[in-house]
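Let's take a friendly walk through a protein model, going from its sheets to its helices and then to its domains. Please keep the picture beside you as you read.

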Amino acid sequence: MVGSLKIINVRIFDVFSGQFSELGALEIKHGIFSAFKNNQAQSKSQQDILDGQGGYLIPGLIDCHCHILGTFANPEDTKFHLWLIKQVRNNLRVMLLAGVTAIRDMLAPINLINSYRRKIYKSKVIGPRIFTAGPMFSVENGYPYFLPSQPWVVNKAIGQLRWELKSESDIPRAVLYLKKKGVNHIKIYRLHQQLTEEAKPVSEIPLPWLLKICDAAHAMDLPVACHHSFVKGFREILELPIDTLEHLAVDGIYSDQDVQLFKAKNIYLIPTIKVMYDAAVEDPRQEPFFGEWLKSPAARQAFEPVPRRILLDLVADRWNPKYQTIVSKNIAQHGYKISFDNFRKMHQAGVKMAMGTDSGVNVCFFPHAPRELEHMVRFGMSPAEALRTGTINGAEVIGLSDRLGSITPGKWADCVLLRDNPLENITRIYDIQYVIKNGIVYDPVVELQRDVTLKMSGLVR
Ligand SMILES: [Zn+2]
């Protein structure tokens, strides 16, 4: 039966204790974890048994901040092309095969997302469970300034990328429309400066409007995610009834008082470290996850020809100002350097965090999403804590911790079988034997060919 099987010879990661179990057998029935027992494989049919070969089973990863529509930022051509739609299919596929079984998208045309949700449901496309903000709220000349609005036909067909509010009275109707369209959260931004030196000033959404958006969203059971990556204006953010803060500050170090005030709010921080690293890399041609990788068979599977060519050009000429439309060199490099201190301060204060990769930004590729956890460990988290941010904490952010985020009987059967113990070395999360979503097994070797998978993961065994 689809979605029902028994995985024998596996150790299971308990997100609560931070440890792996002894070897045992996990039963999945109709896409739900049903029981974990001792290791006897007693089944009438051998077909529904999967031998885990002593491997390590972790809950499916949850990426709480990505842009499934990426890579979309081509500075020379900002029109919407059909290859973007095909690229979304690739993004969903490689994300799932990298072990990400659920995503929280932060800016996407809602009709397009809904059509992919249906395709995934009907198994026409493989991909993670999708939770989405749909379009981001903005105002005329607002953020994101690097994504110009598209002709109305495009907006009508796929949905718009950002929703430009004209007046405060637009807000309840806009939130209701998105709720009816099936969004899972609302995304707003607050920023007091830009991430590039040259760009035009960006208009803000007035603070009373932001308050009204939060109230309207909460009245419809929609949490609010706020993009803000500065120390400047941080206190204003703390006044807003938001549910998550997206990104760490790139303009300075949070004061101890800022950190304490944020901690007292008891909301989630999605630090998105990897994207700052990726944007700050001095010479991407030297980086294993950029230049050579983009020429690999794995990259050919991950990208349509046009975006791959754009990315190769970008890597070859990284610091050409035309490619610094989202974040400029100085801000990226300074931002990555200080994110270490900002992350450590927040972590040591006990601020709740979940994994967000910002995959889809044009320096940050979907197959490498789990690298966010590697950065968190590099910045001082234990591997067990990092795994928790990537699983149960993400489930809490999405509001589904009773269904996702741990391998617990009764929850949806999303998990990833690793060959080696990620608590000994977090990079072992790249060495995936199987990805299981809703009880259905995906073998990246079969899906992508073995050598391609290993190159994709960056591990050569
Ligand atoms: Zn983002």
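Two strands pair if DSSP finds at least two bridges between them. Helices (H or I, at least four residues) and strands (E, at least two) are DSSP runs, numbered from the N terminus. Residues are numbered from 1 along each chain as its sequence is written. Please remember that this is a predicted model: local features need pLDDT of at least 70, side-chain atom pairs count only at pLDDT 80 or more, and totals for chains, interfaces and linings use all residues.

**Two open sheets**

With pairing in mind, look at strand E12 (residues 224–227) and strand E13 (residues 244–246), which run parallel and are joined by three bridges. Within E13, threonine 244 is the bridge partner of alanine 225. Both strands belong to an open sheet of four strands in the order E11-E12-E13-E14, with parallel pairing. Strand E11 (186–189) and strand E14 (268–270) are at its edges with a single partner strand each, so one side of each has no neighbour in the sheet. From one strand to the next, the twist averages 25 degrees.

Another open sheet has three strands, ordered E6-E7-E8, again with parallel pairing. Here the edge strands are E6 (61–66) and E8 (129–132), each pairing on one side only. The twist in this sheet averages 20 degrees from one strand to the next. E6 pairs with strand E7 (residues 100–105) in the parallel sense over four bridges, and isoleucine 62 stands opposite alanine 102 in E7. Across E7 and E8 lies helix H2 (residues 110–121), running at about 160 degrees to E8.

Two packed helices are described by the angle between their axes and the distance between the axes. Axes are lines fitted to C-alpha atoms, for helices over the stretch in contact, and angles run from 0 to 180 degrees between N-to-C directions.

| Pair | Angle | Axis distance |
|---|---|---|
| H8 and H13 (residues 371–378) | about 95 degrees | 8 Å |

Which residues of H13 make the contact with H8? They are Arg371, Glu372, His375 and Met376, and from H8 come Ile273, Lys274 and Tyr277.

The contact of H8 with H12 divides into eight nonpolar, three polar and no charged residues.

**Two domains**

The protein is divided into domain 1 (5–59 + 407–457) and domain 2 (61–398), with bounds that come from an automatic or database domain assignment. Their C-alpha centres lie 29 Å apart. In all, 23 residues of domain 1 are in contact with 23 residues of domain 2, where contact means that C-beta atoms, placed from the backbone, lie within 7 Å. The side of domain 1 that touches domain 2 has 17 nonpolar, two polar and four charged residues.

Notes
Ala, Val, Leu, Ile, Met, Phe, Trp, Tyr, Cys and Pro count as nonpolar, Asp, Glu, Lys and Arg as charged, and the others, Gly among them, as polar. Two residues are in contact if their C-beta atoms, placed from the backbone, lie within 7 Å.
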